[in-house]
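Trainee: I'm new to this one. Please walk me through it.

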Amino acid sequence: MKNFKDISYLQMAYSLAEKAKGWASPNPYVGAVIVKRGIIVGYGYHEKPGKPHAELVALQMAGPLSRSSSAFITLEPCVHWGRTPPCVESLIQVRPKRVVISALDPNPLVFKKGVKRLRQAGIQVSSGLLEEKNKYLNEIYLKYITKKLPFVAAKTAISLDGKIATKKFDSRWISSRQTREYVHLLRGEYDAIMVGISTLIKDDPFLTVRHRNWKGKKTTRIILDSRLRFPLNARIISTLSQGKIMIFTLKKASRKKAEALTKKGVDVVFLPRSSSKVDLQEVLAWLGRNEIASVLVEGGSLLLTSMFEQKLVDKIFLTISPKLIGGREAPSILQGDGADCIKDSLVLKRINSFQIDEDIIIEGYF
Ligand code: AOF
Ligand code: ZN
């Protein structure tokens, strides 16, 4: 019975944590609920970096009622000074009777140390309940904090015969209007959207998050452009108030063009390693170092192919639209040499599929 109650309080804490989705990055999504004699006396979640952590918000609401309470937290409380002070010390000060933690914090600065410190202070601690939920909710954070690399999701739409465009490169639209709206919802959950320069030139997209659920959300737009072909009149430039635009290019690209782009407010990053193509691993490492914890790669097919070939994609959102395009020359989702044998193909795991309008959406992990 007690466990049942613990589960429901933790579930409440998870619902709170969900509110931070798309906002708290690069920090994790964390929620907390404080219960005293069966009454919820405090609750909260971590909104965004620099704002108080979840348990602090909940403890502040509970005030003196925190003493001898049970604290339910979706993630192990921190022990270190980051942008905010360590939560374990705040907990120890108010002395709850019991702290129920769902998952340990994969951050090496915190992992197991939060639990240890609380126990040393004589507070009863348990962990592990509903921890599977945390793996899914904080999949971005888990990769970012352990590898210092962004979580990479790929999103694309194909016809029933696996094409992403016709032989004349027409791709508007393969997926339905409702599916495209869903994609806008998805965009908001990521720190950055990435496309290759050919897609930018061909589609002249805005790459903004246009969904009522994400009012005020800024998303960084990343364009990989080895020769700085980025047009100075690209429509995306008019959307700088909705997020940075970053172009990754090579050392040998024109400094003059870079200057013209910088003048327009676009950031140009010259990658130090020289090669003929923008090195994707170098870009991801740069993003990780600069606190970009997640990227949604939207195309084109050359960028997606390189991402898949180099095994850099963590998750895919694939829309399959009930259309047959046909044509040997019409591009399919993957270019390149491809696998020789079926056993060499990339295989999706943990698949989830659902339907929007007439489209089928498949989500899965690599
Ligand atoms: C908690 N509760 O609500 C969150 C935690 O820079 P800071 O101070 O915001 O610290 C970020 C780190 O703190 C983050 O990497 C993770 O280890 C932890 N996040 N911890 O006790 C929270 N958001
Ligand atoms: Zn904390």
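Predicted model: local features only at pLDDT ≥ 70, side-chain atom pairs only at ≥ 80, totals over all residues.

Trainee: Okay. In what order do the nine strands of the open sheet come?

Mentor: The order is β10-β9-β8-β7-β11-β6-β12-β14-β13, with mixed pairing. Two strands pair if DSSP finds at least two bridges between them. In general, strands of a sheet pair through backbone hydrogen bonds, either parallel or antiparallel.

Trainee: Which strands stand at the edges there?

Mentor: β10 (267-271) and β13 do, and each has a single partner strand, so one side of each lacks a neighbour in the sheet. From one strand to the next, the twist averages 20°. Angles like the ones I'll quote for helices run from 0 to 180 degrees between N-to-C directions, and axes are lines fitted to C-alpha atoms, for helices over the stretch in contact.

Trainee: What lies across that sheet, then?

Mentor: Helix α10 (residues 280-289) lies across β6, β7 (192-196), β8 (220-224), β9, β10 and β11, and runs at about 140° to β9. There's also helix α6 (residues 139-147), lying across β6 (151-159), β11 (294-299), β12 (315-321), β13 and β14, at about 130° to β6. Contact, by the way, means heavy atoms within 4.5 Å.

Trainee: How many bridges do β13 and β14 share?

Mentor: Six, in the antiparallel sense, between β13 (residues 349-356) and β14 (residues 359-365). Phe354 stands opposite Ile361 in β14, and Ser353 has Ile362 as its bridge partner. The hairpin has two residues between the strands, and Asp357 takes a positive phi near 55° there.

Trainee: Switching to Thr249: is it buried or exposed?

Mentor: Buried, because its relative accessible area is 0%. Buried means under 20%, exposed over 50%, and partly exposed in between (1.4 Å probe, protein chains only). Thr249 is in strand β9 (residues 245-250). Residues up to four places away in sequence aside, Thr249 touches a list including Asp225, Leu228, Phe270 and Val278.

Trainee: And the sheet of five strands, what's its order?

Mentor: That open sheet goes β2-β1-β3-β4-β5, and its pairing is mixed. β2 (39-45) and β5 (124-127) are at the edges with a single partner strand each, so one side of each has no neighbour in the sheet. Neighbouring strands are turned by 15° against each other on average, direction ignored. Inside it, β1 (residues 31-36) and β3 (residues 70-75) run antiparallel and are joined by four bridges. Ala32 has Ile73 as its bridge partner in β3.

Trainee: Where does helix α2 sit?

Mentor: Helix α2 (residues 54-62) lies across β1, β2 and β3, at about 145° to β2. The axes of α2 and helix α3 (residues 87-94) come within 9 Å and cross at roughly 25°. The two helices are therefore roughly parallel. For the cut-offs, under 35 degrees is roughly parallel, over 145 roughly antiparallel, 65 to 115 roughly perpendicular, and the rest oblique.

Trainee: Which residues make the contact of α2 with α3?

Mentor: From α2 it's Glu55, Leu56 and Leu59, and from α3 it's Cys87, Ser90, Leu91 and Val94.

Trainee: How accessible are Arg95 and Leu207?

Mentor: Arg95 is at 31% relative accessibility, so it counts as partly exposed. Leu207 is at 3%, so Leu207 counts as buried.

Conventions. Residues numbered from 1 in each chain as written. Chains lettered and ligands numbered in written order. Heavy atoms only, no water.
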